[in-house]
Amino acid sequence: MRHLNYNHLLYFWSVARSGSVAAAATQNFITPQTISGQLRQLEEALGQPLFHRTGRRLELTEFGHAVSDYCDDIFGRGAELASFVQSQSGAALVSLRAGIVDSIPKLIAERLLGGALEHEQGVRLKCREGPYEQLLADLAVHRLDVVLADQPVPSGLSLSVYGHRLGRSPLCFMARSELARKLRRRFPQSLNAAPMLLPAPTSALRGRIDRWLDDHDVQPLVVGEFDDSALMKAFGQAGTGVIVAPAAIEAEVRRMYRLVAIGTADTVFEDYFAVTPYKDIRHVAVERLCRNAPTRLAASES
């Protein structure tokens, strides 16, 4: 067998983790034709097929799975080497590339990532916000070190990524002081017909809120639905209606948006996860983030 071309292996690994040539091409900033050509050359060098086609997707053969496992080790060790070299460079900062699912409250993301910054060497943080699926695809090919999410890794996902539960926070209903005072009595029945600002119906949290309201036979007047929790809080600050926010950041929301707590839905939680490209956490700042998360998600003090 000829010597292996590690570029070929890298492109194969990208396809194996993303599930398609097109996705791997986008992630590596090259054309799909280049990826396909490199895969053919790798299969010729190895003497066995690496994929078989199922519909429009490429599925690994048994041999392909074995090669992919070796690639996990090869490129994983490369990432470890880069981290080690960086850690030996004295004043150099550890780089942490974090993806943040756009439905996570910004204050929660800051709270969690703050736990990663508590490192003696110092951390240079690079954040990117976006849809869950796109962030996971970038994580799978090591364009990110961690993704912060408010839901587990979707079942049946072809990407090699692994979720680690960080903790959870109950939800607090909040509003401007004059509205909050009126609604605090007889909570949660007082929310019936009250103007309400809620996460978008597509969010992981919305269904749980709707079920909680149904369980308490409460039908608020939904006057706004938001993908961006910060925008929802801004409308709450303007007096448009009641918002929901994690109890972990109640004090910050009160200070920043001048909102007052009405009551807490103790049986409805927002969950938080750190998703990494390996089952074991290898990045020192991600390990610190996960270790500090329970403390940093504890309800904030008044």
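**Exercise 1.** How are helix 1 and helix 2 oriented to each other: roughly parallel, roughly perpendicular, roughly antiparallel or oblique? Characterise their contact in this predicted model.

*Solution.*

Step 1. Two packed helices are described by the angle between their axes and by the distance between those axes.

Step 2. For helix 1 (residues 6-18) and helix 2 (residues 21-28), the axes come within 8 Å and cross at roughly 120°.

Step 3. Angles of 65 to 115 degrees count as roughly perpendicular and those over 145 as roughly antiparallel; helix 1 and helix 2 are therefore oblique to each other.

Step 4. The handedness of this crossing of helix 1 and helix 2 is right-handed.

Step 5. Helix 1 contributes Tyr11, Ser14, Val15 and Ser18 to the contact, while helix 2 contributes Val21, Ala23, Ala24, Gln27 and Asn28.

Step 6. Sorted by class, the contact of helix 1 with helix 2 comprises five nonpolar residues, four polar residues and no charged residues.

**Exercise 2.** Determine which residues of helix 9 are buried and which elements they pack against.

*Solution.*

Step 1. Within helix 9 (residues 229-237), the buried residues are Ser229, Met232, Lys233 and Gly236.

Step 2. Viewed down the axis of helix 9, these buried residues fall within an arc of 100°, so they line one face of the helix.

Step 3. An α-helix has 3.6 residues a turn, so residues three or four places apart point the same way.

Step 4. The packing partners of the buried residues of helix 9 are helix 5 (106-117), strand 7 (195-199), strand 8 (221-226), strand 9 (243-246) and helix 10 (250-257).

**Exercise 3.** Summarise the protein as a whole.

*Solution.*

Step 1. The protein contains eleven helices and ten strands.

Step 2. Of its 302 residues, 49% are buried.

Note on methods:
Residues numbered from 1 in each chain as written. Predicted model: local features only at pLDDT ≥ 70, side-chain atom pairs only at ≥ 80, totals over all residues. Heavy atoms only, no water. Axes fitted to C-alpha atoms, helices over the stretch in contact; angles between N-to-C directions. Helix = DSSP H or I, 4+ residues; strand = E, 2+ residues; numbered from the N terminus. Parallel < 35°, antiparallel > 145°, perpendicular 65-115°, else oblique. Left-handed = near helix turned anticlockwise from the far one by under 90°. Contact = heavy atoms within 4.5 Å. Nonpolar A, V, L, I, M, F, W, Y, C, P; charged D, E, K, R; others polar. Buried < 20%, exposed > 50% of the residue type's maximum accessible area, 1.4 Å probe, protein only. Arc of directions from axis to C-beta.
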